Amino acid sequence: MTDRFVGTYTPRLDDKGRVTLPAKYRDAFAPGVAVSRGQDHCLYVFTPDGFQRFAEPAITASVTDQGARAFQRYLLANTDEQRPDAQGRISIPARMREYAGLVKDVVILGVGDRMEIWDAQAWADYEAAQEAAFAQPETGLLGG
């Protein structure tokens, strides 16, 4: 089993708001998935263990910290836990489809410890905006 996801996949949402996860990772998601709202108006898709690791700092943050409470509420209230069906499909709830602007054409990205679901045009726009910075990196994030 893996929690290291890579690659770009281009499934389509069906009329019931379901999307098929990449076949390569179906075994990793067989125990279940946690779909949550992510930054940049995409959706994050985690394995159960991956979501636990991701959400743990928010879950255990002090309830006396106003910012932590706000993040806890937003993250946890906007997470859906489910199991993929026999075809490897998951349902994307309507409010999550709306948040991410998902209609039909989507892109699923492997992003290390999670997958992300983007509207295909939103991803194309984001990728184009990031291309120059990726092609000509400055010293920074990766220490190069």
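I began at Phe54, which is partly exposed with a relative accessible area of 29%. I keep in mind that this is a predicted model.

Next I looked up the ring partner of Phe54: Phe46 and Phe54 form a stacked aromatic pair, 4.8 Å centre to centre with 25° between the planes. Phe46 itself is buried, its relative accessible area being 1%.

How many aromatic pairs does a search of the whole structure find? I noted 11 aromatic pairs. One I checked is Phe5 with Phe29: the ring centres lie 5.1 Å apart and the planes meet at 10°, so I logged the pair as stacked. Phe5 sits in the segment before strand 1 (8-9) and Phe29 in helix 1 (residues 26-29), so this pair ties together parts that are 24 residues apart in sequence. Phe5 counts as buried at 0% relative accessibility, and Phe29 is buried too, with a relative accessible area of 0%. I also found Phe5, Tyr9, Tyr25 and Phe29 together in one aromatic cluster.

After that I stepped back to the fold. I counted five helices and eight strands in the chain, running β-β-α-β-β-α-α-β-β-α-β-β-α from the N terminus on. The radius of gyration is 16 Å, close to the 15 Å that the globule rule gives for 144 residues, so I wrote the chain down as being as compact as a globular protein of that length. Buried residues make up 38% of the 144. Of the contacts between residues at least 6 apart in sequence, 60% join residues at least 24 apart.

Last, I looked at charge: the mean positions of the 16 positive and 20 negative charges are 7 Å apart.

Technical notes
Residues are numbered from 1 along each chain as its sequence is written. This is a predicted model: local features need pLDDT of at least 70, side-chain atom pairs count only at pLDDT 80 or more; totals for chains, interfaces and linings use all residues. Side-chain values use heavy atoms; hydrogens and water are left out. Helices (H or I, at least four residues) and strands (E, at least two) are DSSP runs, numbered from the N terminus. The radius of gyration is taken over C-alpha atoms; the globule rule is 2.2 Å times the number of residues to the power 0.38. Buried means under 20% relative accessible area, exposed over 50%, partly exposed in between (1.4 Å probe, protein chains only). Contact means heavy atoms within 4.5 Å. Lys and Arg count as positive and Asp and Glu as negative; His and the chain ends are not counted. The place of a charge is taken as NZ of Lys, CZ of Arg, CG of Asp or CD of Glu. Rings of Phe, Tyr and Trp (its six-membered ring) pair if their centres lie within 6.5 Å; planes under 30 degrees apart count as stacked, over 60 as edge-to-face and the rest as tilted.
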